[in-house]
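Keep the sequence and the 3D view side by side as you read. Find each residue in the view when it is named.

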Amino acid sequence: MLQKSNLIRCENLAKSFGPDTAVLRGINLDIFEGECVALIGSNGAGKSTLLKSLIGLHPLTEGSVVTLGEEFNALPTGKQRQKIRRQIGFVFQNHGLVKRLTALSNVVHGMLGMTRGWRAVHQAIAPSEWREAGLSALNAVRLRDKAATRADQLSGGQSQRVAIARALVRNPRLIIADEPAASLDPVAGHEVMKQFSNLTKDNGITLVFTSHDMDHAARYADRIVALKAGKIYFDRPSHKVSKRDLQNVFQD
Amino acid sequence: MSSKTDPRSDTRIPRLSSLSALEFTVLIIVGAVVIVSINDVSPSPQRFVEGLPRMFKLVERMVPPNTDPQFLWRIFLRLVETFQIAIAGTAIGIALSIPIAWMSARGVTPLAAGAFVFKSFVSFFRTVPDLVWALIFVASVGLGAVAGTMTIIVDTIGFCGRFFAEAMEDADKEPQEALDAIGAGRFTVLCGAVIPDAMPSFINTGLFALEKAVRSSVVLGLVGAGGIGQELKVAFDLFQYQNASAIILAIFVIVLLMEHLTDRLRIRFS
């Protein structure tokens, strides 16, 4: 196969939260295996809604989304949806770590939802291969020495790197990240994004992230999809996106 | 003279804010209820004066407290039993409170609509006083420590069930959402995110429950539910006031010790 297989295909996707509140309109989007795609746009452009639609967290108003070969909206039960979500890693804007647990426990949480998943609730009772996997994921984000540190003792950047390790430990085909660097200062933000994009690239993981930081999108993504008022404004490889294009996205 | 320059102009500000007719009526009624109640059930000065010498006499008959080693040993064993009632009752009560709190905590419960059933249960356990529970259990399982332990269990569920549920409701939502997104079930979200986050509050509440249990297990014996209270009742019934004072002192020391201990533990764990 010459063409890489696509992990996500959106066709004519539309989403509205009421009769007059169309958030997304006519979205056609393919995401291919191994890509790093940035979704950019100003506040309210529909980035988060699109991201959530990709993993079936929102019922669609129109169109279809096929993620990892399955159409979420056609899956009747929560169990079947969970089966797909197990192949996906998630990273949230505010890391979402359990503050009173150690970094390692938080990373082992990434195994929740798997078979025997209940043993992932704490590193102390987790199977040893999961602990090993957790430690190597922490090693990958260069936080191996913080494994026994409680999450509330970590800095913002370190916390987000632990959250990335939590997503990596599942060995997912796809990682979806909602504003992974938005709550960090510029230095920590670049460090996190650099590590994140390198790790996904090295492990052949497809990464889709949203950002309102033009610089992050231009530097770390292979492809930039810009949203403006609920529509795709442009969808291009990042080296073909000029500074001017980016500025236009954020201007009325 | 203009009011601006008149130094007495402040007399025009009323000393009391004006009352509406309704407020005035309510005030009079409340005042009447207080006065009638005091008149009906509180000691009149005359009765108080008459009772005072008798009170002194009672205290006189209480000293010196009985220090007979054999008696003290019996008291010690009863105190141990009291503690056992408190500890066993609190431990079992806390263990039962966690699932009950989970069922009744809004946003965490696996039951959507059924949560209020558990909430009502907990409220019912809490609002019926412990001595009433003790009477019920003595009547159903007979005199002795088992009835006392059952009372403490119910009491602890009433107390911890409520505060555990509140702690679960207040637990950080973001980690719960994060675990939910990766396919974790309700139970694993509870164990992985909710309980670790609520743990300091659980420990705090649990220690308060233990302190409360020690205090109530002391009096449960009055209705025959085992422990030191039983000895106290016997001492008063048989007019053995020197025994009674020894028991009261022992209770005082124990409760004080317990408060001190739980305070220390609270500081250690929070």
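## Ground rules

This is a predicted model, where local features need pLDDT of at least 70, side-chain atom pairs count only at pLDDT 80 or more, and totals for chains, interfaces and linings use all residues. Residues are numbered from 1 along each chain as its sequence is written, chains are lettered from A and ligands numbered from 1 in the order in which they are written, and side-chain values use heavy atoms, with hydrogens and water left out.

Helices (H or I, at least four residues) and strands (E, at least two) are DSSP runs, numbered from the N terminus.

## The sheet in chain A

Start with the sheet. In chain A, six strands make an open sheet, ordered β6-β7-β8-β3-β9-β10. The pairing is mixed. Two strands pair if DSSP finds at least two bridges between them. β6 (88–91) and β10 (231–237) of chain A each have a single partner strand, so one side of each has no neighbour in the sheet. From one strand to the next, the twist averages 15°.

Now look inside the sheet. Strands β3 (residues 36–40) and β8 (residues 206–211) of chain A run parallel and are joined by five bridges. Opposite A:Ile40 stands A:Ser211 in β8(A).

Strand β6(A) pairs with β7(A) in the parallel sense, over four bridges. A:Ile88 has A:Leu174 of β7(A) opposite it. In a regular strand the side chains alternate between the two faces of the sheet. In β6(A), A:Ile88 and A:Phe90 point one way, while A:Gly89 and A:Val91 point the other way. All four are buried. Buried means under 20% relative accessible area, exposed means over 50%, and partly exposed lies in between (1.4 Å probe, protein chains only).

Which helix lies across β6 and β7 of chain A? Helix α5 (residues 156–168) of chain A does, running at about 170° to β6(A). Such axes are lines fitted to C-alpha atoms, for helices over the stretch in contact, and angles run from 0 to 180 degrees between N-to-C directions.

## Two loop residues in chain A

A:Glu33 sits in the loop between β2 (22–32) and β3 of chain A. A:Glu33 is partly exposed, at 25% relative accessible area. Along the sequence, A:Glu33 and A:Gly204 are 171 residues apart, yet their C-alpha atoms are 7.9 Å apart in space.

A:Leu57 is in the loop between α1 (47–54) and β4 (62–67) of chain A. A:Leu57 is partly exposed too, with a relative accessible area of 42%. A:Leu57 touches A:Lys52 and A:Arg85, leaving aside neighbours within four places in sequence. Contact means heavy atoms within 4.5 Å. A:Gly44 is 13 residues from A:Leu57 along the chain, and 18 Å separates their C-alpha atoms.

Turn to chain B. Is B:Leu22 buried or exposed? B:Leu22 is exposed, with 64% relative accessible area. This residue belongs to helix α1 (residues 21–41) of chain B. B:Leu22, B:Val26, B:Val30, B:Val34 and B:Ile38 make up a nonpolar surface patch with about 460 Å² of accessible area together.

B:Gln176, in helix α7 (residues 173–181) of chain B, is buried at 8%. Beyond neighbours within four places in sequence, B:Gln176 contacts B:Val108, B:Ala171, B:Val189, B:Ala193 and B:Val194.

## Salt bridges

How many salt bridges are there over all chains? The search finds 23. Each is a side-chain nitrogen of Lys or Arg within 4 Å of a carboxyl oxygen of Asp or Glu. In chain A, A:Arg150 and A:Asp152 meet at 2.8 Å, N to O. A:Arg150 is partly exposed at 31%, and A:Asp152 is partly exposed at 33%.

In chain B, B:Glu169 and B:Lys119 form a salt bridge, with their closest N and O atoms 3.1 Å apart. B:Glu169 lies in helix α6 (residues 145–170) and B:Lys119 in helix α4 (residues 115–127) of chain B, so the pair ties together parts 50 residues apart in sequence. B:Glu169 counts as buried at 17%, whereas B:Lys119 is partly exposed at 36%.

Key: Patches are made of residues with over 30% relative accessible area and no salt bridge: like charges are joined within 9 Å, nonpolar side chains (Val, Leu, Ile, Met, Phe, Trp, Tyr) within 5 Å. Accessible areas come from the Shrake-Rupley method with a 1.4 Å probe; for residues, only the protein chains shown count as cover.
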